[in-house]
Amino acid sequence: MCHHPKLHHSHAHHLSPARSFRRSKPSSQADRDCVHNAWLASRTVPTRKSSYLVPGAQRPLNKPNIRLAYIIAHKCAFDLVKVLWSLHPVRTTLMMLLNIVRGFFPAFRGYSQAMIVDELQALISSGRFTWSRLVKLMTAEILRRALESLIDSFATTNENIVQESARFFVEYQQVAQRLRLDVPTLADPVVRDCLQESDLFVRSFNGMGGFGLLSPFDFVQLFALLSELASHILVLLSLTGGTNLGVLLLSVLSAIFPLLLSRGGFGSLHPDSSYTQQEARTAERQERLRNLAHSDCHRPEILLFGLGPWILQSWASARKSMLYAEGPLSSKQSVLPHFLGSINISDLLFAVQNIPLLLMLQSSSSSLGSLALYRSSIQSVVFTVGNLLTTTRMAFQGIFLMGAFCAAMNIQPKLEPADEEVECYSSLPNGMKIEARHLSYTYPGSKDASLKNVSFTLEAGERLAIVGYNGSGKSTLAKVILRIIDFSQGDLLVNGVDVRRFSPSEYHRRVTTVFQGFSKFNSTVRENVGFGYIQKLGSQTAVEQAIRLGEADTFVDSLPNGLKTKLDASGFEPMTYSSTPSGVSQPSSSRVHHGLSGGEWQRIAISRAFMRADRPEIDLLLFDEPTSSLDAHAQNRIFDTIDEVSRSPSGARSKTVIFITHRLSTARRADKIAMMENGTITEFGSHEALLQKGGSYATLYQASV
Ligand SMILES: Nc1ncnc2c1ncn2[C@@H]1O[C@H](COP(=O)(O)OP(=O)(O)OP(=O)(O)O)[C@@H](O)[C@H]1O
């Protein structure tokens with residue numbers, strides 16, 4: 001078993017819900033693939049081959065999709081609901097039961113009110129009106145209502161507790177899985193879509209069909225609606241006594257028919273969620289242009305380059321084509337149903353519903369209460385059927401989102417080796433030994449390889465400078481060595497072991513780096529630096545030491561709140577307001593995130609790398625143009641510090657160092673220099689040897705001095 005950072009684990013254990021859905025699932029790999037394939041198949045557009053529905057699009061209600069929904073429900077819903085149920089078994093069972101009981105309330109209410117009306121009618125027509133009897137009836141009604149609202153309020157509280165813990169559970173799983181996934185996995189468009197639909201599923205846990213989505217717990221609504229419908233039908237049957245059954249049927253159908261007609265598209269695609277990739281691209285473009293118009297951080301360049309009219313025109317044309325694509329009359333076939341749907345047929349057929357009423361009026365048994373109850377029950381049936389259709393439709397879509405969630409939870413990070421292949425990282429005394437043999441790599445979607453046949457050997461403790469022209473593959477090679485991206489061909493051996501056999505998290509604990517496009521976190525100086533070694537984030541001394549090493553202390557000390565100053569990563573942070581004693585809001589300067597210069601940001605990133613550079617487990621320091629924005633003196637001092645931290649107290653080399661640079665004066669400091677051209681290393685050796693060779697490096701060096 002390889003060693004893993006203790007702090008991460010103890011935290012994760014402390015916070016994690018009772019169990020992880022991923023690990024708790026006993027299902028086989030075949031089941032998991034089955035769910036993933038069913039989810040993927042539900043996204044195909046039958047009329048357009050090799051085209052997928054956009055994430056979140058509604059699946060048409062047709063035979064193939066019903067079969068896919070069944071597969072997903074069978075292979076994933078049961079497991080998921082079981083895990084969710086186990087969070088609060090008693091409360092969840094109660095929630096289900098109470099929902100069914102509550103379904104009977106409306107019919108019960110109508111019945112009780114009809115009884116009161118009947119009693120009143122009897123009292124008045126018999127002429128023996130007494131207040132005491134009326135008060136008795138009213139008291140019974142008040143008690144019934146009190147009981148109803150008591151049950152309602154208990155059920156709501158109970159439901160909130162169940163929903164909240166379920167929501168936390170799924171959100172936790174989602175965030176945990178996101179954090180597990182590496183760059184190559186997230187670059188896969190199918191994975192991205194799966195995660196997006198899985199996000200929608202997680203959002204559905206906002207309770208009772210929030211955002212028009214249905215969580216597995218909301219499925220209980222279906223039972224509640226069915227019990228409600230059954231109770232209304234029972235009331236109607238008891239009123240008509242079975243004699244007027246045909247008329248009752250006519251009445252119900254006449255009420256439901258327009259509803260069905262207006263939902264003629266039941267199961268068909270909702271216009272704005274049905275568009276395919278081409279339309280989705282236009283929608284995305286329109287959104288991007290809109291964001292550009294709203295963005296503050298791009299404002300200076302938008303103004304300077306006069307981009308306003310172009311943005312407006314491009315947005316308008318994208319928006320217009322989207323509107324026409326979404327328009328209700330865009331397709332000729334949809335004209336008739338649209339026209340029919342717009343006629344309120346329920347009004348026309350309303351008269352039909354009076355037939356049974358007339359028949360009932362003729363019979364001697366009819367009373368005012370039963371007539372009112374009959375009327376309201378018919379309306380309730382219609383309303384409930386409508387709700388049932390909507391809920392069924394949402395439940396149907398919900399199954400596919402659930403499939404996405406289950407599939408997303410089982411995505412394996414591409415860089416993670418299979419359990420049986422994992423090899424533990426073992427250190428060498430002087431740092432990391434790296435051997436690259438015929439490495440090649442092509443970015444997904446690119447025609448040309450960015451790395452071609454790269455081979456070199458770097459002994460433990462050596463310093464390597466990678467130099468070369470723009471776009472020659474230096475940063476790509478750095479990312480391959482750092483296991484941020486994989487390689488397509490060749491071998492990369494670290495300390496003699498195939499790097500693919502190391503768990504990336506275990507390997508990453510052995511390196512520290514400054515990326516060329518390092519992160520600027522929108523948070524405090526302390527966090528921006530302390531993130532370099534999260535275990536020491538709380539230690540002011542460690543953070544200050546790293547800041548000193550990175551030479552960031554010169555400006556950090558003068559920031560308004562020192563280490564606590566919030567940094568603005570966007571470069572344009574709008575002012576916030578603070579209230580003055582007089583109660584008037586004024587622009588506040590103390591709460592504004594503080595901007596930094598390019599060089600200052602670079603020093604923050606270097607300090608972050610220094611947070612752990614001197615730790616004993618660090619074997620490789622890799623810097624991708626760390627000092628490109630620094631002046632020559634500062635640059636030299638940073639390289640002196642790198643030299644210092646990569647040696648043991650006795651002065652012996654203890655860490656391997658790789659740096660990428662365009663300044664060839666710094667490249668001279670390295671033991672070996674790799675000259676990269678067009679994705680490959682064309683020259684490799686010491687500064688002197690390469691100068692003597694008189695090749696590309698020598699030419700580049702001559703040009704730079
Ligand atoms: N994410 C990406 N997707 C596709 N191609 C990429 C990606 N990143 C880089 N490339 C391409 O890979 C090649 C090598 O890029 P890389 O960033 O490694 O060059 P570099 O030598 O570090 O350049 P520079 O000196 O400008 O930093 C370039 O042709 C670039 O266009």
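This is a predicted model: local features need pLDDT of at least 70, side-chain atom pairs count only at pLDDT 80 or more; totals for chains, interfaces and linings use all residues.
At what angle do helix H22 and helix H24 pack, and how far apart are their axes? Residues are numbered from 1 along each chain as its sequence is written.

Helix H22 (residues 540–549) packs against helix H24 (residues 598–613) at about 125°, and their axes are 8 Å apart. Helices here are DSSP runs of H or I of at least four residues, strands are E runs of at least two, and both are numbered from the N terminus. Axes are lines fitted to C-alpha atoms, for helices over the stretch in contact, with angles running from 0 to 180 degrees between N-to-C directions. H22 is therefore oblique to H24; under 35 degrees counts as roughly parallel, over 145 as roughly antiparallel, 65 to 115 as roughly perpendicular, and the rest as oblique. The crossing of H22 and H24 is right-handed, meaning that the near helix is turned clockwise from the far one by less than a right angle. From H22, Ala542, Ala546, Ile547 and Leu549 meet Ser607, Phe610 and Met611 of H24. Contact requires C-beta atoms, placed from the backbone, within 7 Å. The residues of this contact of H22 with H24 comprise 6 nonpolar, 1 polar and no charged. Here Ala, Val, Leu, Ile, Met, Phe, Trp, Tyr, Cys and Pro count as nonpolar, Asp, Glu, Lys and Arg as charged, and the others, Gly among them, as polar.

A second pair is helix H6 (residues 105–126) with helix H7 (residues 131–180), at an angle of about 175° and with axes 11 Å apart. H6 and H7 are therefore roughly antiparallel to each other. Phe105, Ser112, Ile116, Glu119 and Leu123 of H6 make the contact with Arg133, Leu137, Glu141, Arg144 and Glu148 of H7. The residues of the contact of H6 with H7 divide into 4 nonpolar, 1 polar and 5 charged.

I turn to the protein as a whole. It has 28 helices and 14 strands. Of its 705 residues, 30% count as buried, that is, with 20 or more other C-beta atoms within 10 Å of their own; 12 or fewer is exposed, and in between is partly exposed. Among contacts with a separation of 6 or more, 78% are between residues 24 or more positions apart.

Next, the ligand. Its surroundings include Tyr443, Asn470, Lys474, Ser475, Thr476 and Gln516. Helix H19 (residues 474–481) gives the most to this shell, with 3 residues. By class, the shell holds 1 nonpolar, 10 polar and 1 charged.

Threonine 661 lies between strand E12 (656–660) and helix H26 (664–667). Is threonine 661 buried or exposed? Threonine 661 counts as buried, because 24 C-beta neighbours lie inside 10 Å. Leaving aside neighbours within four places in sequence, its contacts are Ala465, Val467, Glu625, Thr666 and Ala667.

Glutamate 625 itself lies in the loop between strand E11 (620–624) and helix H25 (632–645). Its phi is near 45°, a positive value in a residue other than glycine. Glutamate 625 is buried, with 21 other C-beta atoms within 10 Å.

Asparagine 495, in the loop between strand E6 (489–494) and strand E7 (497–498), has a positive phi of about 50° although it is not a glycine. With 19 C-beta neighbours inside 10 Å, asparagine 495 counts as partly exposed.

Terms used. A residue is near a molecule or strand if its C-beta atom, placed from the backbone, lies within 6 Å of it. Two residues are in contact if their C-beta atoms, placed from the backbone, lie within 7 Å.
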